[in-house]
Every structure is written in C-alpha cells, then in structure tokens.
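Please examine the structure shown below, and then follow the explanation one part at a time.

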Amino acid sequence: MPYHEFECSKCIPERKKHAVIKGPGEDLTSALPLGYLNTIPGSISERGCAYCGAKHVIGTPMKDVIHMSHGPVGCTYDTWQTKRYISDNDNFQLKYTYATDMKEKHVIFGAEKLLKQNIIEAFKAFPNIKRMTLYQTCASALIGDDINAIAQEVMDEMPEVDIFVCNSPGFGGPSQSGGHHKINIAWINQKVGNVEPKITSDYVINYVGEYNIQGDQEVMIDYFKRMGIQVLSTFTGNGSYDDLRAMHRAHLNVLECARSAEYICNELRVRYGTPRLDIDGFGFGPLSDSLRKVGLFFGIEDRAQAIIDEETARWKPELDWYKERLQGKKVCLWPGGSKLWHWAHVIHDEMGVEVVSVYTKFGHQGDMEKGISRCEEGALAIDDPNELEGIEAMETLKPDIIFTGKRPGEVAKKLRVPYLNAHAYHNGPWKGYEGWVRFARDIYNAIYSPIHQLAFVDISKDEIATDTKFVTQKILSDGNVSEEVKSSNELREYTGKYDNLTTIREKTYPEYPLQKKLSVV
Amino acid sequence: MKDKVEQLVDYIMKKCLWQFHSRSWDRERQNKEILTKTMQILCDEPVEKETPTDKCYWVDAVCLADAFKSRYAWLAAMDKVEIKLLMQKLKDRMDYLTVTGSLNEELNDPHY
C-alpha cells in the first residue's frame, strides 16, 4: 500500500493510513486511504460537525422555510451565510437565522418551553411562511429535550403550519457527513409522500444533491425546462419544502452530489421504485453526457442534443482561450466531498491543468475511490487533513493554485498560493457551459493576478526592483503562448454578463403539453 | 485481450460514476446490468428497457457503448464472440476493482 507519511504527523502514526500516493500501476485495490472515521486525537481537523452537515449544507438551502436551531445562538450563527446558496425568492433562507438561544439555566431546567415559545414567535414574525425545519444541537440533545413532541404540539395548535424535525446533534457522526446522512433519512421518513403534486409534463424528475451555489441549480433547471422536463423538486438548493414532500411522484432521480444525497435516492428507489441516475453538471463533456442520458431516458434525446450543440458552439471558444493559458498549471484539488471527483478529470481534460493532490475533509472511501480513479498518476490523496499536513503538502508540491474552502484557503494565501473557494465559488455559477467558462476565468484571474505576483516579494529581505514595468494579466499569461494562439480569431475571453441569472429567471419556455403517462412508469 | 480490457476499465473509472454506488450489492447489480446491456448493444442484440429501472441501466449502457466504439477502433475488428468474451472479462475486472478487491470498508454496511 503506497501510504504517505507526513513529516509533521510522525507523532500521530495513525494518520499514515489516511494519505496515499497514486503510483504507476496502482489501482483502487492497492491505493485507497481510510475515510469517514473519527478524527484522531491530536490532529486538528478542519471538519464541520453533524449538525452543520444537516442544517447548513442540506436543510437551509430550502428557500421557503424558517430554519430554527434548538441550542445556543453560536450554533446557528456559525452556520449562517457562509455558503452562497441563493434562491429566487429574494434569498429568504439566507437573510435570517433563528435560534432558541439556550443558556445554562435551560441545561439545568430544560428548554422545551423555550422552544415552543420560539417556534410560535418565529411563525408570527413571518406570517407568510408556514414551514419550519427544526434542528437538534449538542446541548439540547444532551439534556434530552423532546423536540418532536414540541413540534407536534405546535402543529396541533397551528394546523396551517408544518414542521420538520432533524435530530442530528453535532456529535452525531465523525463529520458533517453524518449530518447529511441523518437529514436524508429523516426527510424521507417524515415528509416524502405527504403531498400530491400537480404533474405538468410527461417527463418528471427530482434534481437531487444540488444546492444552487451562486445559481448552479437555476442554470441546470434552465436546460431541463428547455427539454420540456418538469423538475418536481430540487434537493435542496432553491428547493421548496412542499415540492420536496412530493418527491415520490418523479419518474427519475437525477443525482448530482452523491456524497450528500445518495441516501435519499437509494431509499426512493427501494420504497417507490424510482431509478437513480448519477450525473456530472461540471465540464462540457460530462454535462453533455448527462443531458443526453436524461434525454435518452425519456426518449427526447434530440432536445438534449440541440442544447448541447447550441451551448457548445457559444462557449467552447471561450473555454479554449483559458485552456491555452492554463496548460500545465499545478492544482491541489481540496474541496469537501463530491467536487474532488466531479472536477478531478475534467479540469485536466478541458482546462489543461495537472491535479497534483486531492483531499477531502469529510468524504467517505467511496469519494476517494472516484477521485483517485479520475486523477492522474502521482497525485497525493489525503483524507481529513490537518492544517500542518496541508502546509507540508503545499510546500512539497508547490501548486500554482488550490481549490478549497475558506479556512485552508486563507492558510494558502499566507504561503503565497492563490486559492479559489470550491464551496461557495468566486464568480459563479460554475455549473453549465457558461459556468464552466466562468470557473476557468476565475482560475486564470487567480493565477495571473499581477497583485498576486507581488506577494512573492518579501519586503523584509528581498531587493525591491525599481526598474520593472507595470504588468498585466495578459503579459503574464501570454509569455509561453504561441503566436498562433495569441492571434487566433476563434478563441476569445469570456464575453458573458456579470449577472447571468436574471436572464434565466425572466425566460419563457416552449410549451410541451402533457400527453400521456409514461408507459414505462 | 488483457490490454484491451484495461483500456475499457480506464475509460469507465475516469468517465463514469455508475460503478461507484455505495454498497456491494448495488455495485454488483450496476456492473451486471449496465455491462450486460452494453454488450448487447455492441453485439446488436435486443436490450430490455421496458421498466424505469431497466431504462436507467440502458441509458448508461448506450453512452458507454458509443464511447467504446468511438474511442477504440480495434473494437470494430472483433466479432461478436470476441466482444462477449471481452465484456465478460471487463465485468470480472470491474467486480474485482469495485467489489471483491475493494478496500472500501463501507460496502457491506447493511443500511443506506
């Protein structure tokens, strides 16, 4: 087994089995780190807790809901507005956050009364919102508050409201992934099947594991609508609470982030017979294959192909402009869970960069199987890295850029390595054809920023040159680009708008009247 | 034959996701259904796609067969008996890499 031992972690020998290097001839039966285990004592993890995974990642992107945490105010504050899952209802779910504000006296005397007061107060403060998700935290779980009973009491007294209870306290798993699991299962157990939807198309899907980061969901829904497909629900970005109660009526579950949402797809398959189709919404090739597969399932692949042709013709020359300038740049692909495998192969294929390392904070071994399979030989794969290991990897691998979260990202900046926020994006959406070009542009801007070049100068000891001229990104990026590429009439920089979502929201779509129920369903 | 199988394995591992469902029984079923249907498409045999479940396997099989045909010119020179043998060896290899030889300790968790 090609385990990699970090110098900084020699004092924690258990860490050795959490990192491997994919060497020549290695496959998954010989190169796979351990994963989804409790963090080893002594290793300062960058993970989130199970409450955060349930509430912050999956619950809160639901847009028409009061998301209430039953616990100390810090739990909800620290999971508020740190991820850009926007919505088309003026971002209600991002504007406000709610907590019962448990204190020491409640730990001693109980907080159920406090909880009920808070629920009623929140509904009264927002009379147009009739749905609530209620999250257990470590404090309220440890004292044994029966939040299900309180939720039921309120629903009995206020029959117009509906409350979902998520019992995923922070200690309920090794990482945020434990919370993903718990909320998936809780949602299907408590809520799916409670609402009968209006079916408006012969082709009906749930779009699962998509969180509308900077508008990703809206970009993908646009493609589905152009194909005449009804998206019954999105789990959960820009998703509606009541739509998600009707998930059982879809003909197909289209699954994007299998790490956070495969559980509900698997259960929908077992309980309702709805098949699960895993897709990739990132990158021209994978996205085209994905649209084609959805089209094939419904027998409307011609509609998918029309979109693929139109979008590729519009955006490919712009992607290729960046590809020519990003060739060979070294990337540490250090996101949370799914993006390490969504991106590992396609940033290499379509942007020309070299993935020298993949890591995941909370992914399981299944995510590493996908990520290691998709990256090239020599890549260092790390599970649940601590900060010192991240620093050692950056100093050893010398990446040109890293894609990661804001905590390790800020560390990278101090080492003079530019970073892009893989969780919340820089100038997203990054999904879709145009989105993929926006991602390439963000990479280009980060690597070739003239300001970033100044970071390499240490004013405490370096000689400061006074005769160097002003440089631009293009001067920096085009030094090694051929004249043929530089003078190409086909390739061009990104020409889209700063805001590419308003146009989508204002669009009208072709009518595909409901004709018949699918014979196969 | 071994080299050809490895080329096909490499394509699946890099470009596909269906082989990495989270439990061993799902992976066995995915490998069996999708690779059988891919073989049937490559051999011009009829493919079951009447139920939603079969149709979902068929969708992945169509895309896989197209990719194999466009990328691996040597496939066109093989007869149907050879293709069936190749696809059986491919399935055996995929079962080994993703199920029987897998180091993934979650594969046998009885719950989703």
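A residue is called buried here if 20 or more other C-beta atoms lie within 10 Å of its own. The model to which this term is applied is a predicted one. By this criterion, helix H1 of chain A, which comprises residues 50-59, is mostly covered, for 10 of its 10 residues are buried. Among the buried residues of H1(A) are A:Ala50, A:Tyr51 and A:Cys52, and also A:Lys55 and A:His56.

A pair of helices in chain A may be considered next. Helix H5 (residues 112-125) of chain A packs with helix H7 (residues 147-157) of chain A at an angle of about 40°, and their axes are 10 Å apart. Angles under 35 degrees would count as roughly parallel, and those of 65 to 115 as roughly perpendicular; H5(A) is therefore oblique to H7(A). The crossing in which H5(A) passes H7(A) is right-handed.

Which residues of H5(A) meet H7(A)? They are A:Glu112, A:Leu115, A:Lys116, A:Ile119 and A:Ile120. Their partners in H7(A) are A:Ile147, A:Ile150, A:Glu153 and A:Val154. Sorted by class, this contact has six nonpolar residues, three charged residues and no polar ones.

Attention now turns to chain B. Chain B contains four helices and zero strands, and along the sequence its pattern reads α-α-α-α. Its C-alpha atoms fill a box of roughly 45 × 35 × 20 Å, taken along the principal axes. For 112 residues, a compact globule would have a radius of gyration near 13 Å; the value for chain B is 14 Å, which agrees. Of the 112 residues in chain B, 37% are buried. Among the contacts in chain B with a separation of 6 or more, 68% join residues 24 or more positions apart.

Finally, the two chains touch each other.

How values were computed. Residues numbered from 1 in each chain as written. Chains lettered and ligands numbered in written order. Predicted model: local features only at pLDDT ≥ 70, side-chain atom pairs only at ≥ 80, totals over all residues. Helix = DSSP H or I, 4+ residues; strand = E, 2+ residues; numbered from the N terminus. Rg over C-alpha atoms; globule rule 2.2 N^0.38 Å. Buried ≥ 20, exposed ≤ 12 C-beta atoms within 10 Å, placed from the backbone. Contact = placed C-beta atoms within 7 Å. Axes fitted to C-alpha atoms, helices over the stretch in contact; angles between N-to-C directions. Parallel < 35°, antiparallel > 145°, perpendicular 65-115°, else oblique. Left-handed = near helix turned anticlockwise from the far one by under 90°. Nonpolar A, V, L, I, M, F, W, Y, C, P; charged D, E, K, R; others polar.
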